[in-house]
Amino acid sequence: MTFIWAFLIAGTFCAIGQIILDNTKLTPGHITSLFTVIGSILAFFGIYEKLINLGGGGASSIISNFGYLLYIGALEGYEKLGILGIFSGMLTKASVAIIGSIVFASIVALIFKPKD
């Protein structure tokens, strides 16, 4: 049942992104930023953690999870170190996603050539 929920959650996010892309003038970069912000808003209201518990990888492998990680990290950093902990907490929680993006983008850039 977890696989079905993972598919439904990730598929819903992807379908919403595709609808936005097809019907507006927003670029994929704008939509990526939008979903990151939506992930942090859902985390603020406690909804995103329920999505992760329900769908597992379906909710934790999409871009909105990055917003969730930033929010959770900022909250934990604030609770431990105060105002300055917000910044260190965000980077601590989201560092795996950031480093993974950099490493995989570098590998893909070495393997493939861009179109002219």
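Just after helix H5, Gly-82 takes a positive phi of about 85°, where helices are DSSP runs of H or I with at least four residues, numbered from the N terminus. This is a predicted model, in which local features need pLDDT of at least 70, side-chain atom pairs count only at pLDDT 80 or more, and totals for chains, interfaces and linings use all residues. Residues are numbered from 1 along each chain as its sequence is written, and side-chain values use heavy atoms, with hydrogens and water left out.

Helix H5 itself has 18 residues that should span 26 Å at 1.5 Å a residue, and its end C-alpha atoms are 26 Å apart, which agrees; the expected span is 1.5 Å times one less than the number of residues. Among the buried residues of H5 are Tyr-68, Leu-69 and Ile-72, buried meaning under 20% relative accessible area, exposed over 50% and partly exposed in between, with a 1.4 Å probe and protein chains only.

From H5 we can turn to its aromatic residues. Tyr-71 forms an edge-to-face pair with Phe-44, at 6.1 Å centre to centre and 85° between the planes; rings of Phe, Tyr and Trp (its six-membered ring) pair if their centres lie within 6.5 Å, and planes under 30 degrees apart count as stacked, over 60 as edge-to-face and the rest as tilted. Because Phe-44 lies in helix H2 (residues 28–44) and Tyr-71 in H5 (residues 64–81), the pair ties together parts that are 27 residues apart in sequence. Phe-44 counts as exposed, at 53% relative accessibility, whereas Tyr-71, at 23%, counts as partly exposed.

How values were computed:
Helix = DSSP H or I, 4+ residues; strand = E, 2+ residues; numbered from the N terminus.
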